[in-house]
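Opening the notebook on a new chain.

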Amino acid sequence: MNPVIHGTSSDLGLWRLNPKVAGISSCMADIGVHAFNLVEYTTGLQVTQVLADLNTVSDKVSLDLDGTVLLRFNQNVKGVLRSSQVANGEENNIRIAVYGSKASLKWEQEDPNRLFEIAYNTPEKIYRPGNRYNTAFAEAGHTMPFGHPE
C-alpha cells in the first residue's frame, strides 16, 4: 500500500517526510505526541515504558507514517496508542478510552461535548458541559453555555 499524496508540498507540509528537517519521526512526533500528552493529562498517570511498532508504509518514505505503541504507566496500568497519517477517510480525530474496574469513559475530539460512561450493569451515561451534575473542575474546562459546541 502506498500513501496517496495530493496537492503541493506546501499544502501538505511534505517537509514532515524529510528526516533532515523533521528529525527521526513523522507520525508519532507530529500526531502521536498529542495523544500521549492527552492520556497522561486526563488520567493523571505517567508513561514509564513504551514499545513501538512504526510503519513507513512505502519504500519511498523513510519516516513513520503509521504506528502502534504499547504503553506502560505507573500504578501497573497498560495502554495502547494508535496514530496514523494514512488512515484514508479519517479526519483529525483524537479518541480516548479509559477502562476501569467499575466503569469506562470514552471521549472523541470530533464530538467534544459528550463524555460517555459505560458500565456492565447500568445504562450508558452521557455527560455534557453546562450541567449542574458536573464538578467545578469539569465546568472550568469550557467557555460556552449548554448546547453550544466549543
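**Helix H3 and its packing**

I started with the buried residues of H3, which pack against E1, E2, strand E3 (77-84) and strand E4 (95-99). Contact here means heavy atoms within 4.5 Å. Helices (H or I, at least four residues) and strands (E, at least two) are DSSP runs, numbered from the N terminus.

A note on what I am looking at: this is a predicted model, where local features need pLDDT of at least 70, side-chain atom pairs count only at pLDDT 80 or more, and totals for chains, interfaces and linings use all residues. Residues are numbered from 1 along each chain as its sequence is written, and side-chain values use heavy atoms, with hydrogens and water left out.

Which residues of H3 are buried? I get Cys27, Met28, Gly32 and Val39. Buried means under 20% relative accessible area, exposed over 50%, and partly exposed in between (1.4 Å probe, protein chains only).

I checked the length of H3 (residues 27-43) next: its 17 residues should span 24 Å at 1.5 Å a residue, and the end C-alpha atoms are 23 Å apart, so the two agree. The expected span is 1.5 Å times one less than the number of residues. Where does H3 bend? The bend is at Val33, by about 40°, taken as the angle between axes fitted to the seven residues ending there and the seven starting there. Just after H3, Gly44 has a positive phi of about 80°.

**The whole chain**

I zoomed out and found 4 helices and 7 strands, in the order α-α-α-β-β-β-β-β-β-β-α from the N terminus. The C-alpha trace spans about 55 × 40 × 25 Å along its principal axes. Of the 150 residues, 21% count as buried. Among contacts between residues at least 6 apart in sequence, 35% join residues at least 24 apart.

**Second largest pocket**

I looked up the second largest pocket, and its volume is about 1000 Å³. Its lining has 24 residues, with Thr42, Trp107, Leu115, Phe137 and Ala138 nearest the centre. (On a 1 Å grid over the protein atoms alone, a pocket is an open set of points where a 1.4 Å probe fits, with protein on both sides within 12 Å along at least five of seven lines; lining residues have an atom within 4 Å of a point.) Which element gives the most to this lining? H3 does, with 4 residues. At least two residues each come from H3, E4, strand E5 (104-108) and helix H4 (136-139).

**Loops**

Most residues other than glycine have a negative phi, so I went after exceptions. Val57, in the loop between E1 and E2, has a positive phi of about 70° although it is not a glycine. Val57 counts as buried because its relative accessibility is 16%. Gln75, in the loop between E2 and E3, also has a positive phi, near 65°. Gln75 is exposed, because its relative accessible area is 63%.

Ser58 sits in the loop between strand E1 (47-55) and strand E2 (66-73). Is Ser58 buried or exposed? I count Ser58 as buried, because its relative accessibility is 6%. A polar atom of the Ser58 side chain lies 3.0 Å from the backbone nitrogen of Lys60.

Last, I looked at Gly147, in the segment after H4. Gly147 is exposed, with a relative accessible area of 62%. Gly130 is 17 residues away from Gly147 in sequence, and 7.8 Å away in space, C-alpha to C-alpha.

Note on methods
Polar contact = N/O pair within 3.5 Å; in protein donor to acceptor, adjacent residues only side chain to side chain. Points joined across faces, edges and corners; volume = space filled by probe spheres on them.
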